[in-house]
Each structure stands twice: as structure tokens, then as C-alpha cells.
Amino acid sequence: INWLYFYESEPVRRPCLPFLLPKISMCKHKVPFLVIFVASTPGRVEHRMAIRASWGSKRYLQGKYILTLFLLGREKETAVKPRLSLEEEHFLFRDLIMQDFLDTYENLTLKTRMAFHWMYEFCPRAQYIMKTDTDVFINVINLVQFLLKTRYSSGGLYTGFPFVHSYPYRSRSSKNFISHEEYPFDQYPPYCSGFGYVISGKLALRIYEMMWHVKPFRIEDVYVGVCVQLVGGVLYIPQDDLFLLYKKRRDSRILGVIAVHGVAPEDMVSYWKMLQEASQHY
């Protein structure tokens, strides 16, 4: 497949949407080892609170600074307003990033581009970034240890739950449907599932600059995979099964993985307690 099909020579796709909430200055005086961007929606306050009370509460591990931030779009006018407004929530926790696009499944790619945009503008020296979702439990202890010991190519690290030979959904009934107009090929590039992927900081900056030349399409993790191809990056597949997409046996494996998909807010806290009990020396 010629991935240059998606490339436009002029940077006409450079994200230019304004950020709607006050700027977060947590990168100003200290450079994060890792920034974790959590794709959320305005109404998922309970999920964000559960993450803040569990794995997102960890700011330092082995002397490494970790920053956890939530990605949001603009709320639908018809949405039920939570008791705590987004402005109030951001004032309390200073961890929301929001731009002027409607927060829908179809706009997930815009939400992901926003994470790269924010890093580029406000935190360009971060050593690693991770993109994940609000229903994902991150074993931050294992993640930091993995990053400290992993050896990867000079092109940079791009890793997560891998899809190496996957194909576009052409059925309009699927939420993952994509048209031939948006994506004309019959196979996707190697890419990582959007529930949790990790990218080294320098590669993330190159990916963001490539996004200026690649028109967004609706499958965000595949979109990132195309940009990785265009900058010459390579998907790194860990030897161990560290990113759990499916729920099977997840409870018994929580201590040995990096990310677990499909976790309810109440389970975030119980998993975190389990992790804390097993890792008293951290």
C-alpha cells in the first residue's frame, strides 16, 4: 500500500481549534517522564473521579514525574448537565483539555489530534505519551518499569495492543464503519488499539507534524497508524501480553499487565488497592 496517498504536501490540515479551558502549566517547571491522555466525554464525571482516586493519583514513580490529563470535546446542547460543570471540575483538578468540536464518537480523531497538539504546544519535552480511555485501568507501576527497560529502534517507541493484519469495516451498521471515500484500501497499516498505546516523545512530535499533512478520518487509532507509517515509525510488539483488550481473566492478571480495557469506575479503585497492597515498596 502506498501510504503517500494520504499525504498532502502543504500543511493545510494543521489543527487550529482553540483550547476552551484555562491552560495547564504542569510542564512549565518540570518535564514529565510520561503524559497519559485519557479520552473522556463531558458526562463521564464518575469515571474521571475514579481514575483520579486510583491509578491517576500517582504523580511520581521511581523518581519519574507522571501527568494524567483528560481529553474532552464540546458538550451536546441536549445533554443532561452534571452537577459539577466542566469549568468547575477543571478549576478543582486542573486536568481537563478541551477544544471547540462536538464530543461524538465520529470526532474521536479530533480528540486524539488535540492530545498531540497540546503536547506540541505545552509539553514538547515529555519523554513519553500514552493515549487511553476512561474505561481502561493503567498499571502505572508496570508501565514505568516497562519504559525504563525497553529497548526499541532509533525511530522511537510505538506500542500497545497490536493489530497487524486488520481490515476496514464496510457495513454501515458497525460503529467502526469507514467509507471507501475516507479510506480506499482493503487493509489497515499495523496499528495499536485506541484503548491504550504508548509513543516516545520525539516520535509523537513527528507524528503531530505529519498530522498537518493528513486529512482526519473517523477511525482514530488507524489514523495514528497511518501517520506512524508516513514518518517511518514501526509498531513495537512486546514479548508479553501487556495490553488486555478483552475481559477474559483480567482480574487474575491485573498485577502483570500495563493496561486493561472495559473497567467500571468502582473496579478502578479496587484494582488500585490490589496493586498498592502488592507494591508496598513503591
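Analyst: Cys27 and Cys123 form a disulfide, with their sulfur atoms 2.0 Å apart. This is a predicted model, in which local features need pLDDT of at least 70 and side-chain atom pairs count only at pLDDT 80 or more, while totals for chains, interfaces and linings use all residues. Residues are numbered from 1 along each chain as its sequence is written, and side-chain values use heavy atoms, with hydrogens and water left out.

User: What makes the link of Cys27 and Cys123 a disulfide?

Analyst: A disulfide is a pair of cysteine sulfur atoms within 2.5 Å. The sulfur atoms of Cys27 and Cys123 are 2.0 Å apart, so the pair meets that rule. The angle about the S-S bond is -80°, and the link is left-handed. By the rule, the count comes to one disulfide.

User: Where in the chain are the two partners, Cys27 and Cys123?

Analyst: They sit in distant parts of the chain, 96 residues apart. Cys27 is in the segment before strand E1 (34-39), and Cys123 is in the loop between helix H3 (108-122) and strand E5 (128-133). Helices (H or I, at least four residues) and strands (E, at least two) are DSSP runs, numbered from the N terminus.

User: Are Cys27 and Cys123 buried or exposed?

Analyst: Buried means under 20% relative accessible area, exposed means over 50%, and partly exposed lies in between (1.4 Å probe, protein chains only). Cys27 has 8% and is therefore buried. Cys123 has 3%, so Cys123 is buried as well.

User: Why are H1 and H2 called roughly parallel?

Analyst: The axes of helix H1 (residues 45-53) and helix H2 (residues 86-93) come within 13 Å and cross at roughly 5°. Axes are lines fitted to C-alpha atoms, for helices over the stretch in contact, and angles run from 0 to 180 degrees between N-to-C directions. Angles under 35 degrees count as roughly parallel, over 145 as roughly antiparallel, 65 to 115 as roughly perpendicular and the rest as oblique. H1 and H2 are therefore roughly parallel to each other.

User: Which residues make the contact between H1 and H2?

Analyst: Contact means heavy atoms within 4.5 Å. Val45, Arg48, Met49 and Arg52 take part from H1, and Leu86, Glu89 and Phe93 from H2.

User: What makes a group of residues a nonpolar core?

Analyst: A nonpolar core is a set of buried Ala, Val, Leu, Ile, Met, Phe, Trp, Tyr and Cys residues joined through side-chain atoms within 4.5 Å. The largest one here has 49 residues, and Phe37, Phe116 and Trp118 are among those with the most contacts inside it. Helix H6 (220-230) is one of the elements giving two or more residues to this core, and H6 gives the largest share, seven residues.

User: How do you know that Leu148 is partly exposed?

Analyst: Its relative accessible area is 34%, so Leu148 falls in the partly exposed range. Leu148 is in helix H4 (residues 140-149). Leaving aside neighbours within four places in sequence, Leu148 is in contact with Phe33, Gln62 and Lys64.

User: What is noted about the phi of Gln62?

Analyst: Gln62 has a positive phi of about 50° although it is not a glycine. With a relative accessible area of 45%, Gln62 is partly exposed.
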